[in-house]
Each structure stands twice: as structure tokens, then as C-alpha cells.
Amino acid sequence: MVLSELGLPAGGSYWFARFLVRRGLALIYLLAFLVAASQFRPLAGEDGLRPLRGYVERASFRERPSIFYYVPSDRAIAVGAWAGVGLSALALVGAPAAIPAPFALPASMALWFLLWALYQSFVNAGGVFYGYGWESMLLEAGFLAIFLGDPGTPAPGVVVWLLRWVLFRNMFGAGLIKLRGDDCWRDLTCMNHHYETQPIPNPLSWYAHHLPDRFHRAETLGNHVVELAVPFLYFAPQPFAAIAGVVTIAFQGWLMLTGNFSWLNALTIVLAFSTVSDGVLAGLLPVAAPATTAAPLPFVVLVILVALVVLALSVRPALNTISETQVMNTSYDPLHLVNTYGAFGSITRDRYEIVVQGTADAEVGPDTEWRTYEFPGKPTDPEQRPRQVAPYHLRLDWQLWFAAMAPTPRRSPWFPRFLRKLLEGDEATRSLLATDPFPDEPPEYVRAVRYRYEFTSPEERAETGRWWYRERVGSYVRPVSEADLGSRRYGATLD
């Protein structure tokens, strides 16, 4: 192994990989902070659906470090989110490169450290609305990006390989959790259901769902190959590592075309850029890496120490991955430095949706006129074509998908508070909606009805124009007023 593979200043064979990874991470950070700026306060702010004080009261700073532990205010949230947007923009345009040596390297490290630390604050304080695997993966990749150096120094090969290690755990963990989980992954029928029951289908999901059964079986088998075999090639010599990266990018591209998975697929693609060396890229395109100078010895030593820490922290996640009791999307340290990943270990066969409605009537009866709240991503109106929202992350829409799996909101304690916010006409909560049927005055009563949704057949859609067929299966929350939600009687409304 050459010195550059150890992160020592003897080469620069990953200049383009560093460039692509960092620009990609900067773009995702920018998106993530924009999401925080628009959604964190109504979801987890001072008066959010899961108020910030709950995090402060139930957690310790050591367990879940966040600046909001000491400054739990909406103003701090806004400042932090927009500061993150600004820092992400600087990283996206490569601002540290404009700083003369020898200050470019510490400036670059400081910028990426601030991005990582700031987003850590949002993830650790965000509770259930930030409990997604791609949050930890962004933090883990973002931490490694701190130590990628600056454009004037060689890209530390050992850090590039650690990025491949993140990519490996993401892909291989997802493959193993599928084999150990649902029988449909083993009998190759999971994709018959996936496009219809995934969290937020997109405009092409309906078409993908109606592809032939033979195609679904072939793509399920292909999923196993890409997630269980291809990842080992990330560590193979070139060009095999780069080929494995291209296969991974193509696989993630198909998932982006047929579903809305926030920035999970985009982030995986960014990590796959780490599999491409300068030599491979130069052999395909008329490009050449710029000249670099040796990195300072203290930086080299720091990179090696970081690599040793990451390897030590990798033991538990690696043991979890190969365990028969594998747990997916889990962090083993409060800073999310090394995590386990995995997705869709089981596939739901039926899609349930919660339809939230309100009425201006002073009393509820058989003739009550109910108006429906629409959400920006999740299905509600059967005639509404599924929307494309990813890589933007609609956190409330995702949580409503999870909530609909149960017949009552007992497992979603934030939901009654959501209904109360609608009855109050809360502006912050209304900002999370696509359509508020009560633009002037809030409703007198709200209710939540649970439906089972299915994609229409091609014949049904041609005849009716509808994308979905739905059937009411029960009452999620019976009609309640603001007074009901403020009384002890509310417990009876959950049944």
C-alpha cells in the first residue's frame, strides 16, 4: 500500500473524489439546513408538535449534544438554521480555496467542522422528526469531510477509504436486513408491493408498480446482488472499485426515479464518488488533477489518529451488521461518528393513510360538511398525481406514514397536539400543509379517518383519471374540539 493510501503526503490520487464528495455533501447540507429553517420550529421548536423542552428535560448534553440544550429557543433555531445555509453555500462554492496557504487548510477544516457540529445540534434535538438513518449518515460523512484537506494538498487516501466504509455499511447493512427480515425478499416478491406502499410515492411509482411480475422478480434479485455482493468491490483495485461505484450510482438513480426517499439516495451517490480515483477518471475524460503540495505533518498525524478512532468505533456496528439480531439505523456514540444502516427490512402489503378533516359547523352530525387538509407529499386526494419532493425532506408527511400503520395515535403522541394546532389555526403548523381548507377562521372540530389506499389499475385510471382507489377502514380520531383536546375526556377519543 502506497503512502497516499495511509493519508500521508506522498500523492494526490483522490483529488477529484474529494472534490465531488465535498461538493455533494455541501449541497445536501444546504438542503438539510433549508429544511431545518422551514420545519424545525413547527415540529420541534419551543411550541412545536414535540416541544424542545422535552429534549432538554429528558436528555443530557453528554448523551445528545446540541447547542439547543443550552439555548432552547426558536430564535436560536432560526439563527442556527440560516447560519448552516450560509456555511453550506460557502462550502458549495469552495470558499476555502480562495484563502492563501498555509491558512487554506485550517479554514477548510473549520468550515466543515462548523457544518457538522451545527447539524449535529438539529439531529440530536429533533427527536422523532429527525430519527432517520440518513441523518446519521450525513453526520458520519460530514465528520470525515473535515479531514479531507484542502484543494492545495493531496486528498488523504485513508479518509477516502473510510468514506467507502460508510458506503459499504449502508449498502451491505440494507442487504442483510432484507434477507433476515421479510419473506418476500427471499421469494423475490417484495417489489410487487414496494412502489405502492413506500412512504411517499412519486409520479413514476404508479408506472413502476404496474411493470410485469417477471420484472419485479428480476429487480428484487438485482437488489440482492447490488447490496450484498457489489459492496465488497469498493475496496478492490481499480477499475473494479470504480465500476462498483457506478453500479451503486445507477441503482440509487433508479430509486430516485421511482420514489421519494429524502436525500438518502443522493447521499449514497455522493459517497459512491469516493470509489473513483484520479487515474480512472483521467482515463475516461480529458481531465487532470491540479498540482498539490505536501500536507503539514500535524495534519497527517491527525488524519491517522482519526482513522484509528473510527476503526475502533467500528467494532460494535460491524458486529451488529453480521449479527442474527441485526438492528438497522442505530448510532453507538452520541456524535454519530460510526453507525449502522439498513432500510426496508420488511415491506408492508397494505397502504394506510390518515385523512385529516375539519368542519366549521358548531355541532357534529350526519349532515356535517367536512373539509380535507392536503399535505405536500403524502397521498390524500385519489385524483392527485403522486408528487416529486425528494431530495427535499417532508418530515411531517413521513411521520404520518408511520402513524397510519397503527389504528390509533397511541404510538404517535405528537398527533393530538397536531390536531390542536389545527383547531387553533397555528400559522407555523399550517406552513407544513399544502392546502388549509380554513384560510380565514380555524375549524370548530377536526377528525382523522383511516383509509386503505391502492394504486388504480391502468383501466381504472383511463376511465376515472384517479391514481388511487381508497376504502375507509376506521376512525383514527373521532371528531374533537379544542375543548375536547384540553380535557381528560380526550383519552376516550382514541378508540
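Analyst: Start with Gln-399, which is buried, with a relative accessible area of 7%. Keep in mind that the model is predicted.

User: Why is Gln-399 called buried?
Analyst: Its relative accessible area is 7%. The cut-off for buried is under 20%. The value of 7% is under that, so Gln-399 counts as buried.

User: Where is Gln-399 found, and what does Gln-399 touch?
Analyst: Gln-399 is found in helix H16. Leaving out residues up to four places away in sequence, Gln-399 touches Val-128, Phe-129, Tyr-132 and Trp-414.

User: Is Ala-406 buried or exposed, and how do you know?
Analyst: Buried: the relative accessible area of Ala-406 is 12%. Ala-406 lies in the loop between helix H16 (395–403) and helix H17 (415–424).

User: Which residues is Ala-406 in contact with, leaving aside its neighbours within four places in sequence?
Analyst: Arg-450 and Tyr-476. Take Tyr-476: Ala-406 and Tyr-476 are 70 residues apart in sequence, but their C-alpha atoms are 8.8 Å apart in space.

User: What makes helix H11 roughly antiparallel to helix H12?
Analyst: Look at the angle. The axes of H11 (residues 240–258) and H12 (residues 264–272) cross at roughly 170 degrees and come within 9 Å. Angles over 145 degrees count as roughly antiparallel, so H11 is roughly antiparallel to H12.

User: Which residues of H11 and H12 meet?
Analyst: From H11, the residues include Gly-245, Thr-248, Ile-249 and Leu-255. They belong to a contact with H12 residues, among them Asn-265, Ala-266 and Ile-269. The residues of this contact divide into 6 nonpolar, 6 polar and no charged.

User: How do you know that the span of helix H6 agrees with its number of residues?
Analyst: H6 (residues 157–180) has 24 residues. At 1.5 Å a residue, H6 should span 34 Å. The end C-alpha atoms of H6 are 34 Å apart, so the two values agree.

User: Why is H6 called largely enclosed?
Analyst: Count the buried residues. In H6, 21 of the 24 residues are buried, so the rest of the structure largely encloses this helix.

User: What is the order of the strands in the open sheet?
Analyst: The order is E4-E3-E5-E6, with 4 strands and antiparallel pairing. E4 and E6 stand at the edges. Each has a single partner strand, so one side of each is left without a neighbour in the sheet.

User: How do you know that E3 and E4 pair?
Analyst: They share 2 bridges, in the antiparallel sense. Pairing needs at least two bridges, so E3 and E4 qualify. One example is Gln-357, whose bridge partner in E4 is Thr-372.

User: How many bridges join E3 to E5, and E5 to E6?
Analyst: 9 bridges join E3 to E5 (residues 445–455). E5 and E6 (residues 468–480) also pair over 9 bridges. Elsewhere, Val-356 stands opposite Ala-448, and Tyr-453 has Arg-470 as its bridge partner in E6.

User: What makes E3 and E5 largely enclosed?
Analyst: Count again. In E3 (residues 351–359), 8 of the 9 residues are buried, so E3 is largely enclosed by the rest of the structure. In E5, 10 of the 11 residues are buried, so E5 is largely enclosed too.

Technical notes. Residues are numbered from 1 along each chain as its sequence is written. This is a predicted model: local features need pLDDT of at least 70, side-chain atom pairs count only at pLDDT 80 or more; totals for chains, interfaces and linings use all residues. Side-chain values use heavy atoms; hydrogens and water are left out. Axes are lines fitted to C-alpha atoms, for helices over the stretch in contact, and angles run from 0 to 180 degrees between N-to-C directions. Angles under 35 degrees count as roughly parallel, over 145 as roughly antiparallel, 65 to 115 as roughly perpendicular and the rest as oblique. Contact means heavy atoms within 4.5 Å. Ala, Val, Leu, Ile, Met, Phe, Trp, Tyr, Cys and Pro count as nonpolar, Asp, Glu, Lys and Arg as charged, and the others, Gly among them, as polar. Buried means under 20% relative accessible area, exposed over 50%, partly exposed in between (1.4 Å probe, protein chains only). The expected span of a helix is 1.5 Å times one less than its number of residues.
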